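Student: Could you walk me through the aromatic contacts here, and show me the reasoning behind each label?

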Amino acid sequence: MMMDWLIAGAVIMLVAAALSGARFPRVWLALTLAGTATLLATAFWTLGGGAEWDWRSSFAVGGERIHLRLDALSAWFLALVAVVGGGGAVYARGYWPDCEHPASAGRGRTWWSMLVLCMSLVLLCANGLHFLMAWEAFALSAFFLITLERERRETRAAGWLYLAASHAGTLGLFAFFSLLATKTGSWELGPMRDHAELAPLFWVALFGFGVKAGMFPLHIWLPSAHANAPSHVSAIMSGVAIKMGLYGLVRFSGWLPLPAGAGWVVLALGAVSAVLGAAFALAQNDLKRLLAYCSVENMGVILIGLGVALLGTANGDTAWGRLAMAGALLHVWNHGAFKALLFFGAGSVLHATGTREMSRLGGLWRAMPWTASLFAFGSAAISALPPLNGFVSEWLVYLGLFDAAASHTRVAVAIVPATIALGVTGALALAGFVKASAVVFLGAPRTQVAVHAHECGWWMRAPMLALAGICACLALAPAAVWPFISRVLVGWRSAWSGGKPPASLITLGYTHLALAASLTVAAIALWFRSRTNGVRRALTWDCGYALPTARMQYTGGSFAALASGWFGWVLRPERRLHWPRGPFPRQADFVERIPETVLERVIGPVGDAVMVASAWVRQRQQGSLPDYILYLVAALAAMGALVLFGSI
Amino acid sequence: MISILEFLARLAVWLFLAPLLPGVINKVKAWVAGRRGPPVLQLYYDLARLWHKGVVVSTFASPGFIAGPAVAWVAVLAAALLLPLGPLGTSLSFRGDVILLIYLLALARFCTAWAALETGSAFEGMGAAREVSYAVLAEAAVITAVLTLSMQSGSVSLSAMLTPSVGPGAVLLAVGLFAVLLAENCRVPFDDPNTHLELTMIHEVMVLDHSGPPLAAVLHGAAMKLLLFSVLLVQAVLPIGELSVAAASGAMIGGVLLVTVAVGFTESLTARVAFRRVPLLLTTAFLLCVFALLIAWKGGAA
């Protein structure tokens, strides 16, 4: 009963927030925060062992009664929606205020509340029809948020691309849910693993949800949408919205019977997304695009975990499958937290300098020490470095992989390459984030905009600090969230009992604590020792060169050149180079662009071919009567042939 | 009480014996070249001197310039403490500690590269870029080697993984890991620790701007990392855990010395390869580890 009221209250508050958003920013902020806090409370109530909440309406919408359900798996994702939804609302107040964006700020607030509401409804809906409605409303509110700054051409292009890709995915989901409804005879969703004939539907779901989850090669919409959206929108898109696709995959892989190849395919897609996402991220020169590609990489890591789990269930519910699934689930939270933190940091840089181009930044740490240290923290966390939270989840995935490999079963054929891919991904991500944080924040300012940067206000700083705090808690006390994870695991596959946290996870938590303490002590001790010995400031040693300029620094492009060169076959960088010639060269320039390979080399040509074919068809529509009669006769003849020979 | 003493003993080994290795390597190189060479204890003298020196910090550098070497040093030390020391055993052993070890080394890499990029020097940027890029290939080789050990022993904790020998794949694994050791510790043929041309270096160029105690931390950390890889290599190949204490100690010390001398000989007898051929060399190391893995896989299945 209490849950009914809490969830109804949260929905009403979010609707009221959406209505008040345009005119009353303070009321909106209060209502959104209250709504997300209520959602968070319900999520933790369920995760903490509360009974599964189940509610059916007495009235029908679209011919079906509304059926909402909150179980541990929904609650796991709902908590993430609530945290980033609330944090982003606070951030937006500093980042996208009315005084700077009079036209779009109000709109942004309205759609923000709508987005949070619709994502929550997607998580709650237990009826296929309403799931689709909530899904569509969620996709549309995200579209309006991405195109807040619609006077910019790139933003509009990114928005349309997102809308098109998202609807391609939704088309898949329409097929999925209607086939499901036809085969089971009802729109109700629930465990139906005993219907073996439903197994092939998994592939349809994999496509539909995969587009939203941004798995390679369905990620085409993701980089431009995340880069061109306002940063708080990028944060919720990257941290939370793409997780909705993952929620769908996890949910229906738990409810539906699985085809034999499911685990193998998911694992392979995960490994490819991870490695190529990291490689693309490393090669980017746009800070937010880099972060966007890194989301592809992290979704890859999560999919590796899910793939191992699916292989595990196909091999008799093995312990290694459980470990990998636990790692994947934990990575959902972790990635949500540090990716939102990093996008907030990137937004703060963009706000202060007006550019996302890394080669124009540099040396920002002096002007923006908070942003710089928080971004560095996020970078270390996302590179899966101990003692931070990204490592804990990847460690669990690794444990699952190693155990699976050591089981000496047939799955090792897939497991071994996936493990190596995960290792390579880690090293590539590290290179990418050293590049991102160092080129933006360290060294000397490369342009005037970087010199005149300023620190962000407390409205923007507070959510970043809160997210960093969440990362630290998840890092230092990973065993504390294990009960939640184990409930989600039980909800996913009822045969799986969660049990106590693995002893090694508890040890890892203590090791992280000790490590964090000794790192701090060592840094302070070295600082004191240096101070007592005397610190002198001097020019950087540049091979004895006395007048180094900021433009002589290593750029992001040159930093990444070596490793991204190895991925040239898929990155296909477009370079234009005018060498300096003669003793007094006038002109020399170098332009490098990393294309969206899948979009420009695969989808683009296919689209062009369709356009050419359509143009040809249009030419046959000239309004000349003899032609039409010819078409009629041809069509009749074809139908006649079909009737004659089709019945044989 | 005993465990605290044991922990201190292990700590002492890592802290005080590590700087011997570069000294031994230099002695070998001097001997091959027919010189007398610096004393074996030279690094100890250097460290003591640096510890009392003042620090020159670039005008662009943030506090991270000093924190970086400190964090990297702790990370390497922590990774070393996870590694069992033959008969001395390990301080802490849990399932998956080997992954923590690999990622602690990654943390050290992150901090070294970070501190290098603090200065805004093109040379240090170059070094950092090379370090993180080559690490991608080295990481693949290390993960494969660890997978080999894990498949061989059916365990994911270092103390169990390193007890038996690798079996028939030992030679392949040894060569692969030795190449990784050379690459990760920036020795010839990947890098030349003695060069004085900033353009040609990886690791040394990253620390150009460090001085005083932070430089001491960097140098000591590098020595510990060398010892770490040597110990890992010896234990991965030899069945240390199956020997008696005396034999195991002897095998450990002998093995580490052998590795060190081999590094010295490699450095004396080969030239540094061109940078564009480094990936080829590392890929070869990776492939050797893959073959070792295949052998371990077949062996386990039989």
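This is a predicted model: local features need pLDDT of at least 70, side-chain atom pairs count only at pLDDT 80 or more; totals for chains, interfaces and linings use all residues.

Student: How many aromatic pairs does a search of the whole structure find?

Tutor: Over all chains, the search gives 36 aromatic pairs.

Student: Why is the pair of Phe131(A) and Phe252(A) called edge-to-face?

Tutor: Their ring centres are 6.2 Å apart, and rings pair if the centres lie within 6.5 Å. Their planes stand at 80°, and planes over 60 degrees apart count as edge-to-face. So the pair of Phe131(A) and Phe252(A) is edge-to-face.

Student: What makes this pair tie together parts that are 121 residues apart in sequence?

Tutor: Phe131(A) belongs to helix α5 and Phe252(A) to helix α9 of chain A, so the contact links those parts.

Student: What about Trp135(A) and Phe138(A), which form an aromatic pair?

Tutor: That one is edge-to-face too, with 5.5 Å from centre to centre and 80° between the planes. Because the two are three residues apart in helix α5 of chain A, about one helical turn separates them.

Student: How do you know whether Trp135(A) is buried or exposed?

Tutor: Buried means under 20% relative accessible area. Trp135(A) has 1%, so Trp135(A) is buried. Phe138(A), at 0%, counts as buried as well.

Student: Which aromatic cluster includes Trp135(A)?

Tutor: One cluster holds Trp135(A) and Phe138(A), with Phe131(A), Phe252(A) and Trp255(A) also among its members.

Student: Where does Arg461(A) lie?

Tutor: Arg461(A) is over the face of Trp458(A), 4.3 Å from the ring centre. In chain B, Arg130(B) is over the face of Phe275(B), at 4.1 Å from the ring centre.

Definitions and conventions:
Residues are numbered from 1 along each chain as its sequence is written. Chains are lettered from A and ligands numbered from 1 in the order in which they are written. Side-chain values use heavy atoms; hydrogens and water are left out. Rings of Phe, Tyr and Trp (its six-membered ring) pair if their centres lie within 6.5 Å; planes under 30 degrees apart count as stacked, over 60 as edge-to-face and the rest as tilted. Helices (H or I, at least four residues) and strands (E, at least two) are DSSP runs, numbered from the N terminus. Buried means under 20% relative accessible area, exposed over 50%, partly exposed in between (1.4 Å probe, protein chains only). A charge sits over a ring if NZ of Lys or CZ of Arg is within 6 Å of the ring centre and within 35 degrees of the ring normal.
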